[in-house]
Amino acid sequence: MAIFRSSTREVPADPPSVPRHVAIIMDGNGRWAKQRLMPRIFGHKRGVDALRETVKACDALGVRFLTVFAFSSENWRRPADEVSFLMGLFLRVLDSEIERMHERGIRLKIVGNREKFSPELVTLIETAEARTAANSGLTLSIAADYGGRWDVLHALNRLHAEHPERSGQVSEEDLVPYLAMSYAPEPDLFIRTGGEQRISNFLLWQLAYTELYFTDLLWPDFGQKAFDDAIAWYQGRERRFGRTSEQLQAVSGC
Ligand code: IPE
Ligand code: IPE
Ligand code: MG
């Protein structure tokens, strides 16, 4: 396959029709519940079912990395009872799903700042990651207390601590290994449900050349059909990475 060289990554001239990495902002749980005159937490519970179905759909299609935004750095601003419900739900779901994920060969990663999590949750995260570390199937990354700005600053600070001599002359190649998702290629396809067309401090660095797909569907209503629609949309995109259509066609021999 012909390869363009770029400063940060190698860009295939003919990108595969199945995205290697899908990143999702699972938004709209609260509104989904409100429409049914239920408390917001009911929507969060149903959101877990939608995630389970999406993991299955990614697995079946051959997506290698799925990254979902579960709790942002800014979500601590929500009412205390909702935050505490979400933390409890995260713990319960991790605990109850990990064996099933392991059996299916899923590798689980949790990305974000763990400092504010309870010791019980941190232990469970570490156990779940260790248990699935050697699996070679889909890598499911859950972004929890994650923020794109936190990620870049955290990476810069770690780089500086380890290599103070590079201060003032940091390159992309220096920084990238310190980012929270350095183990994954950058997302090919980003999906946001819930109708908002914003990034909300998700993977700011990594989304630089990702195809952005927005749907009005609320997250608990997202499933196989909605996933297929997003993939079909993705397959119609031309990924130019700054180049022209003509250049791409010349390289792929069209
Ligand atoms: C997304 O759904 C889940 C989290 C942010 C944890 P929301 O809770 O933001 O639902 P809406 O956007 O209020 O409907
Ligand atoms: C983004 O959703 C974060 C998650 C889905 C975890 P929000 O509902 O928090 O985003 P904003 O605040 O409406 O942008
Ligand atoms: Mg929301």
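Q: Why does aspartate 229 count as partly exposed?
A: The relative accessible area of aspartate 229 is 36%. Buried means under 20%, exposed means over 50%, and partly exposed is what lies in between (1.4 Å probe, protein chains only). Aspartate 229 falls in between, so the name is partly exposed. This is a predicted model, in which local features need pLDDT of at least 70, side-chain atom pairs count only at pLDDT 80 or more, and totals for chains, interfaces and linings use all residues. Residues are numbered from 1 along each chain as its sequence is written, chains are lettered from A and ligands numbered from 1 in the order in which they are written, and side-chain values use heavy atoms, with hydrogens and water left out.

Q: What makes the pair of aspartate 229 and lysine 225 a salt bridge?
A: The N to O distance between the two side chains is 2.8 Å. A salt bridge needs a side-chain nitrogen of Lys or Arg within 4 Å of a carboxyl oxygen of Asp or Glu. The distance of 2.8 Å is within that limit, so the pair qualifies.

Q: How are aspartate 229 and lysine 225 placed in helix α7?
A: They are four residues apart in helix α7 (residues 224–235), which means that about one helical turn separates them. Helices here are DSSP runs (H or I, at least four residues), strands are runs of E (at least two), and both are numbered from the N terminus.

Q: Is lysine 225 buried or exposed?
A: Lysine 225 has 58% relative accessibility, so it counts as exposed.

Q: Which residues form salt bridges with glutamate 196?
A: Arginine 31 is one of them, with N to O at 3.9 Å. This pair links distant parts of the chain, 165 residues apart: glutamate 196 sits in the loop between β7 (189–192) and β8 (211–214), arginine 31 in helix α1 (residues 29–35). Arginine 198 is another, its closest N and O atoms being 3.6 Å from those of glutamate 196.

Q: How exposed are the residues around glutamate 196?
A: Glutamate 196 has a relative accessible area of 25% and is partly exposed. Arginine 31, at 33%, is partly exposed, and arginine 198, at 46%, is partly exposed too.

Q: How many salt bridges does the structure hold?
A: It holds 19. One network of salt bridges links Arg20, Asp188, Glu211, Arg237 and Arg239.

Q: Why is glutamate 211 called buried?
A: Its relative accessible area is 13%, so glutamate 211 is buried. Glutamate 211 lies in strand β8. Contact means heavy atoms within 4.5 Å. Leaving aside neighbours within four places in sequence, glutamate 211 has contacts that include Asp188, Trp233, Arg237 and Arg239.

Q: Where does UniProt place the feature "binding site"?
A: An unreviewed UniProt entry places it at Asp27 and Glu211. Of these, Asp27 is included in the lining of the largest pocket. Aspartate 27 is in the loop between β3 (21–25) and α1.

Q: Why does aspartate 27 count as buried?
A: The relative accessibility of aspartate 27 is 16%, which is why it counts as buried. Not counting residues up to four places away in sequence, aspartate 27 touches Arg192, Thr193, Gly194, Glu196, Leu217, Leu218 and Trp219.

Q: Is threonine 210 buried or exposed?
A: Threonine 210 is at 9% relative accessibility, so it counts as buried. Threonine 210 is in the loop between β7 and β8.

Q: How do you know that the radius of gyration agrees with a compact globule?
A: The radius of gyration is taken over C-alpha atoms, and the globule rule is 2.2 Å times the number of residues to the power 0.38. For 254 residues a compact globule would be near 18 Å; the protein has 19 Å, so the two agree. Of the 254 residues, 46% are buried.

Conventions
UniProt positions renumbered as here; feature names shortened; annotations may be inferred. 1 Å grid on protein atoms, 1.4 Å probe; cavity = no way out; pocket = protein on both sides within 12 Å on 5 of 7 lines; lining within 4 Å.
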